[in-house]
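Please examine the structure below.

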Amino acid sequence: MYTLLSGLYKYVFQKDEYCVLILGLDNAGKTTFLEQTKTKFSKNYKGMNLSKITTTVGLNIGTIDVGKARLMFWDLGGQEELQSLWDKYYAESHGLIYVIDSTDEERMSESKEAFEKMISSEALESVPLLVLANKQDVPNCLSVPDIKTAFSDCASKIGKRDCLVQPCSALTGINTQNYFKYTQNYRKINKATR
Ligand SMILES: Nc1nc2c(ncn2[C@@H]2O[C@H](COP(=O)(O)OP(=O)(O)OP(=O)(O)O)[C@@H](O)[C@H]2O)c(=O)[nH]1
Ligand SMILES: [Mg+2]
């Protein structure tokens with residue numbers, strides 16, 4: 001009887017927990033995105049001043065609840081010397097958000113290389129991927145089709161994994177909730193495959 005009741009309790013109240021990695025070059029807007037997301041999804045969270053965010057040395061963690069899912073975000077520093085730490089987190093992740101600075105045409109190939117290296121990892125093989133073309137509030141930034149062209153070499157490495165590319169602005173909050181749809185996708189996929 002206890003087992004039955006505790007099973008029922010868990011079924012009704014316990015949330016499925018997922019770890020979502022937020023990666024991308026330094027200055028892409030990962031921490032801004034995390035703060036914006038925490039503010040949007042957590043009722044009592046008083047968001048920090050987005051203009052006061054400084055470069056991440058190490059990692060920031062944030063948790064939000066979306067329906068029956070609890071998402072734990074790991075936002076890692078994107079500076080070159082910190083990128084070697086990214087793969088330590090791959091095996092534990094259920095979802096991946098890769099943030100691109102759409103205003104930084106000069107570093108687009110550097111971002112593509114970091115992305116390519118990341119998705120080549122076996123540990124991420126079945127992990128669904130959300131690519132955010134960030135800073136779309138800035139006039140004349142690169143569009144999603146421009147970014148898809150710059151990343152076109154990576155198509156075969158993305159393979160059949162679930163991948164969505166979204167324009168957004170972490171600073172203004174435009175489109176930052178779109179990954180909700182993605183969350184539902186990865187829940188289904190991860191339940192089946194991981
Ligand atoms: N205009 C604009 N600026 C943004 C946006 N998102 C982030 N920024 C700015 O870009 C800069 C870097 O943002 P961060 O969130 O610190 O970038 P990060 O990817 O976490 O960088 P690292 O921690 O160094 O890896 C900050 O000055 C932000 O205010 C955006 O959507 N639009
Ligand atoms: Mg950061």
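T31 is found in helix α2; helices (H or I, at least four residues) and strands (E, at least two) are DSSP runs, numbered from the N terminus. The model is predicted, so local features need pLDDT of at least 70 and side-chain atom pairs count only at pLDDT 80 or more, whereas totals for chains, interfaces and linings use all residues. Residues are numbered from 1 along each chain as its sequence is written, while chains are lettered from A and ligands numbered from 1 in the order in which they are written.

Helix α2 covers residues 30–41. Its expected span, 1.5 Å times one less than its number of residues, is 16 Å for 12 residues, and the 16 Å between its end C-alpha atoms agrees.

T31 is buried because 24 other C-beta atoms lie within 10 Å; the class requires 20 or more, exposed means 12 or fewer, partly exposed lies in between, and C-beta atoms are placed from the backbone. Also buried in α2 are K30, T32, F33, L34, E35, Q36 and T37. The buried residues of this helix pack against β1 (16–23), β2 (59–66), β3 (69–76), β4 (95–101) and β5 (129–134).

UniProt, in an unreviewed entry, lists T31 and T56 under "binding site". These positions are spread over 26 residues of sequence, yet they cluster in space, with a largest C-alpha distance of 7.6 Å. UniProt positions follow the numbering used here, feature names are shortened, and annotations may be inferred rather than shown by experiment.

T56 lies in the loop between α2 and β2 and counts as partly exposed because it has 18 C-beta neighbours inside 10 Å. Not counting residues up to four places away in sequence, T56 touches T31, D75 and G77, and T31 touches I53, T56, N60 and D75; contact requires C-beta atoms, placed from the backbone, within 7 Å.

Conventions
Two residues are in contact if their C-beta atoms, placed from the backbone, lie within 7 Å.
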